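Trainee: I've got this one open now. Could you walk me through the backbone with me?

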Amino acid sequence: MTKRVLLVGFFAVLIVGIKAQSFNMVIQTMDGNEETWTSETLKNIYFEGDTMLIIVESGSMTTHSYLLADIQKLYFPTVLSVRDFQQESAIFVYPNPSQDQIRIIGATYNQPFQIYAIDGRKVGEGCISDEFIDITHLAKGFYLVKIGTQTLKFSKL
């Protein structure tokens, strides 16, 4: 299940965040074998249940299947620059809901944030860092965190 979550995350970044360009994807199996796929040879990538990764070649429509338990590593060796990603990146609050701390994933380091109660009162502010944001001083309920032009909601348990 953990491998599936990680693989879904990789594919989400490819589908959502990267502009149309060529890339390589490498699948390394537990026995040390590696297979490299290019964006030009990939027609479709999907999961079958919780156990299988399916790859369909674009030209021949040949299907290749990999048991997730047999995949040691899946990676994208193509070097990407910041401009390869769309300007509007996904920003989210993790964990949500939370009891004592949250982290803003996808925001720029040192970017200012403000936390507002659901009634509009500002109840916290600071700058994004690699550390968690302490929310122990907040009462249980729903809150908004504003980062730049984006506003996210989270709940305190």
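Trainee: Where does P97 sit?
Mentor: P97 lies in the loop between β7 and β8, where strands are DSSP runs of E with at least two residues, numbered from the N terminus. The peptide bond joining N96 and P97 is cis, with omega about 5°.

Trainee: And what about the bond from Y94 to P95?
Mentor: That one is cis as well, with omega near -15°, and P95 is placed in the loop between β7 (92–94) and β8 (101–105).

Trainee: What should I keep in mind about the source?
Mentor: This is a predicted model, in which local features need pLDDT of at least 70 and side-chain atom pairs count only at pLDDT 80 or more, while totals for chains, interfaces and linings use all residues. Residues are numbered from 1 along each chain as its sequence is written, and side-chain values use heavy atoms, with hydrogens and water left out.

Trainee: Switching topic, what is the strand order in the open sheet of three strands?
Mentor: The order is β2-β1-β6 with antiparallel pairing, two strands being paired if DSSP finds at least two bridges between them. β2 (34–38) and β6 (71–75) are at the edges with a single partner strand each, so one side of each has no neighbour in the sheet.

Trainee: How many bridges link β1 and β6?
Mentor: Strand β1 (residues 24–29) pairs with β6 over four bridges, in the antiparallel sense, and T29 stands opposite I71 in β6.
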